[in-house]
Amino acid sequence: MNNSYVSGNVILKIENLKKTYKDNISGESLTILNNLSVDIFEGSKNIIIGESGSGKSTLLNIIGALDSITSGTVKVGDYDLSSMDESSLEKFRSKFLGLIFQFHYLLKDFTALENVFLPAYMIGCSKKEAMEKAKSLLVDVGLEHRMNHIPAKLSGGERQRVAVARSLINDPKLILADEPTGNLDPVNAKVISDLLFSVVDKYKKTLILVTHDKEIATKGDFCYKIVDGKLETV
Ligand SMILES: Nc1ncnc2c1ncn2[C@@H]1O[C@H](COP(=O)(O)OP(=O)(O)O)[C@@H](O)[C@H]1O
Ligand SMILES: [Mg+2]
């Protein structure tokens, strides 16, 4: 499935990233990421693997501007995350990123269609345009017959399909997916990961996906493992 268009443009450049957590009680500091540097190319599908606790989610949260860095630089597109205030970070997140997690985080009282529609409506897209985009993305993920169902009426795989559609609604440049199939059985995990790869190809997005699944890990253009706080090419 390595049929993505990989341009020579670097969309994410991380240099000498260090992330240390300080334990508030003991005062001890724990360095999770240390001297980590990587270039991620526009249009590429990147897989990140690593032992549990090695810092995969920490890294994704830093790239997604959901966590701070201790030192180093993280540049995403034209944004330098190390020097932005909270309101610019918010703008960056809603315009530049699509996020998918292990848990779907869908709003429980809203239908699949409303869940996909809302992020676009909230950043000022007209209701009509946001609805059209949301419907077309739900068709992309094979949910044309489930648009008006609330999350409780959907299967686990269907909820993740909604999460995939929602991640694309604001036409982000970069999709960050943290173990998006971690809660699914192996058959559904394959279906959802294939679907994610295919929409990423269709819309020429850049993907960074964390997974434990060995089969999924072979499907990207680049695969990295976090070892001792750094990314090693696999
Ligand atoms: N907010 C936090 N405060 C202190 N330690 C944290 C915090 N978040 C994560 N950690 C620690 O950082 C390490 C890496 O966590 P994480 O990035 O979630 O690992 P992974 O996703 O690879 O399993 C773990 O040892 C975890 O306990
Ligand atoms: Mg994790």
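1. Helices H3 and H4 (residues 127-140) pack with their axes 8 Å apart and at an angle of about 130°. That angle makes H3 oblique to H4, since angles under 35 degrees count as roughly parallel, over 145 as roughly antiparallel, 65 to 115 as roughly perpendicular and the rest as oblique. Axes here are lines fitted to C-alpha atoms, for helices over the stretch in contact, with angles running from 0 to 180 degrees between N-to-C directions. The crossing of H3 past H4 is right-handed.

2. The model is predicted: local features need pLDDT of at least 70 and side-chain atom pairs count only at pLDDT 80 or more, while totals for chains, interfaces and linings use all residues. Residues are numbered from 1 along each chain as its sequence is written, chains are lettered from A and ligands numbered from 1 in the order in which they are written, and side-chain values use heavy atoms, with hydrogens and water left out.

3. At the H3 and H4 contact (heavy atoms within 4.5 Å), H3 supplies Ala112, Leu113, Val116, Phe117, Ala120 and Tyr121. H4 meets them with Lys127, Ala130, Met131, Ala134, Lys135 and Leu138. By class, this contact has ten nonpolar, no polar and two charged residues. Ala, Val, Leu, Ile, Met, Phe, Trp, Tyr, Cys and Pro count as nonpolar, Asp, Glu, Lys and Arg as charged, and the others, Gly among them, as polar.

4. H3 also packs on H5, at an angle of about 25° and with the axes 8 Å apart. The two helices are therefore roughly parallel to each other. Their crossing is right-handed. From H3 come Ala112, Asn115, Val116 and Pro119, and from H5 come Val162, Ala165 and Arg166. This contact divides into five nonpolar, one polar and one charged residues.

5. H5 in turn packs on H6: the axes come within 10 Å and cross at roughly 15°. That makes H5 roughly parallel to H6. The crossing is right-handed. H5 contributes Gly157, Gln160, Arg161, Val164 and Leu168, and H6 contributes Asn188, Val191, Ile192, Leu195, Leu196 and Val199. The classes are seven nonpolar, three polar and one charged.

6. The largest pocket holds about 540 Å³ of space. Ser94, Leu99, Pro119, Arg166 and Asn170 are the closest to its centre among the 18 lining residues. Helix H2 (86-96), strand E6 (97-100), helix H3 (112-122) and helix H5 (156-168) each give two or more residues to the lining, and H3 gives the most, with four. The lining divides into eleven nonpolar, five polar and two charged residues. On a 1 Å grid over the protein atoms alone, a pocket is an open set of points where a 1.4 Å probe fits, with protein on both sides within 12 Å along at least five of seven lines; lining residues have an atom within 4 Å of a point. Grid points are joined across faces, edges and corners, and a volume is the space filled by probe spheres set on the points.

7. The second largest pocket holds about 170 Å³. Its lining includes Ile49, Glu51, His212, Asp213 and Lys225. By class, the lining has two nonpolar, three polar and four charged residues.

8. Two loop residues have positive phi. Phi of Asp171 is near 50°, and Asp171 sits in the loop between H5 and strand E7 (174-178). Phi of Lys204 is near 50°, and Lys204 lies in the loop between helix H6 (186-202) and strand E8 (206-210). Helices (H or I, at least four residues) and strands (E, at least two) are DSSP runs, numbered from the N terminus.

Definitions and conventions: Left-handed = near helix turned anticlockwise from the far one by under 90°.
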